[in-house]
Amino acid sequence: MLSKIAICAVLGCLAAGAVFLFLLFLLAIYLYAQYTMGVCRSKTRLDGKTVIVTGCTSGIGKETARDLAKRGARLIMACRNLDAANKLKEELIKESGNSNIVARKLDLSSLSSVRDFAQQINREETRLDVLIHNAGTAEVFRKKVSEDGLEMTMATNHYGPFLLTHLLIDLMKRSKPSRIIVVTSELYVLSRLNLDNVNPTTTLPAYLYYVSKYANIVFTLELARRLEGTGVSANCLHPGLINTGIWKNVPPPASWVLNIILNTFCKNAEQGAQTSLHLAVSDELNGVSGKYFMDCRERGLTRGVQDPAKGKKFWELSETMVKLQSTDPKI
């Protein structure tokens with residue numbers, strides 16, 4: 001009997017020790033994440049500059065817009081929910097004292113909405129210094145197709161921004177030096193881009209979020225190659241794992257576990273916006289193009305995502321998917 005009690009006591013101690021080590025490991029991860037977290041330290045003002053931020057009524061887009069407003073930029077908030085955008089506009093004007101803020105309707109999943117938005121910008125604006133492709137969506141299980149027949153995640157996260165960049169590029173060239181910034185994700189490493197099926201309407205939507213982030217990087221690198229010598233730079237970034245609404249479609253019980261992780265170890269929206277801001281305003285990045293950043297520092301990429309042949313082919317396929325017209329600006 002005593003031997004059994006002793007064995008149980010030892011096993012109990014081992015179990016308690018394992019839990020303690022696991023908690024210590026999690027604490028170490030948390031402290032490391034906090035210590036290495038990038039912060040945009042640039043004090044650059046943006047008076048006289050025009051900036052577009054897509055999808056900025058919540059999350060890192062909202063905090064990006066908030067910071068840019070305080071820097072004096074003419075801020076154009078390009079959002080699907082115009083009511084929410086106008087509400088935020090009033091909040092930012094009051095907070096920053098900058099009244100040069102406007103909200104414009106943009107649904108990146110709709111090619112006609114992208115064209116309407118771009119037409120309005122080209123008609124009303126005399127310059128565009130920074131274009132931040134921040135908007136994104138993450139479907140989990142529901143397979144959705146846009147009005148243009150495009151898979152919804154790819155339409156919102158890649159094809160809409162691809163078309164918008166084309167339609168605004170002449171304005172950006174006239175405003176040089178100017179910057180294009182694409183918010184992507186380190187989770188791109190979990191996927192591959194199938195050039196034989198660039199509109200994967202039957203693929204699990206959760207996986208397509210990773211594919212769209214892979215596409216974002218391929219697009220950015222090819223964009224930078226095509227814009228070389230124009231005075232327009234293109235860079236992309238991983239903001240970190242952020243506790244924002246992009247994961248709202250995850251159902252329980254998976255959402256319960258995810259929320260514990262998000263609320264404990266992930267960046268908040270303000271922290272997640274730092275690398276976007278760094279790419280938008282830092283003087284040290286003048287002339288830097290075709291790079292990938294994380295925590296306000298350049299980071300390496302896998303060999304496959306950097307393949308110029310893949311970038312060129314995907315670009316040509318994307319032109320077809322968005323029905324690029326002969327009269328549209330070329331990149």
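The lining of the largest cavity divides into 4 nonpolar, 5 polar and 1 charged residues (nonpolar being Ala, Val, Leu, Ile, Met, Phe, Trp, Tyr, Cys and Pro; charged being Asp, Glu, Lys and Arg; polar the others, Gly among them). A quick word on the model: it is predicted, so local features need pLDDT of at least 70 and side-chain atom pairs count only at pLDDT 80 or more, while totals for chains, interfaces and linings use all residues. Residues are numbered from 1 along each chain as its sequence is written, and side-chain values use heavy atoms, with hydrogens and water left out.

Back to the lining, then. Among its residues are Thr54, His133, Asn157, Val183 and Lys213. Helix H5 (152–174), strand S5 (178–183) and helix H6 (205–226) each give at least two residues to that lining; helices (H or I, at least four residues) and strands (E, at least two) are DSSP runs, numbered from the N terminus.

Now, over to a helix pair. The axes of H2 (residues 59–70) and H9 (residues 274–281) come within 9 Å and cross at roughly 40°; axes are lines fitted to C-alpha atoms, for helices over the stretch in contact, with angles from 0 to 180 degrees between N-to-C directions. That angle makes H2 oblique to H9, oblique being what is left after under 35 degrees (roughly parallel), over 145 (roughly antiparallel) and 65 to 115 (roughly perpendicular).

And who touches whom? Thr64, Asp67 and Leu68 of H2 meet Ser276, Leu277 and Val281 of H9, where contact means heavy atoms within 4.5 Å. By class, that contact has 3 nonpolar, 2 polar and 1 charged residues.

Definitions and conventions:
1 Å grid on protein atoms, 1.4 Å probe; cavity = no way out; pocket = protein on both sides within 12 Å on 5 of 7 lines; lining within 4 Å.
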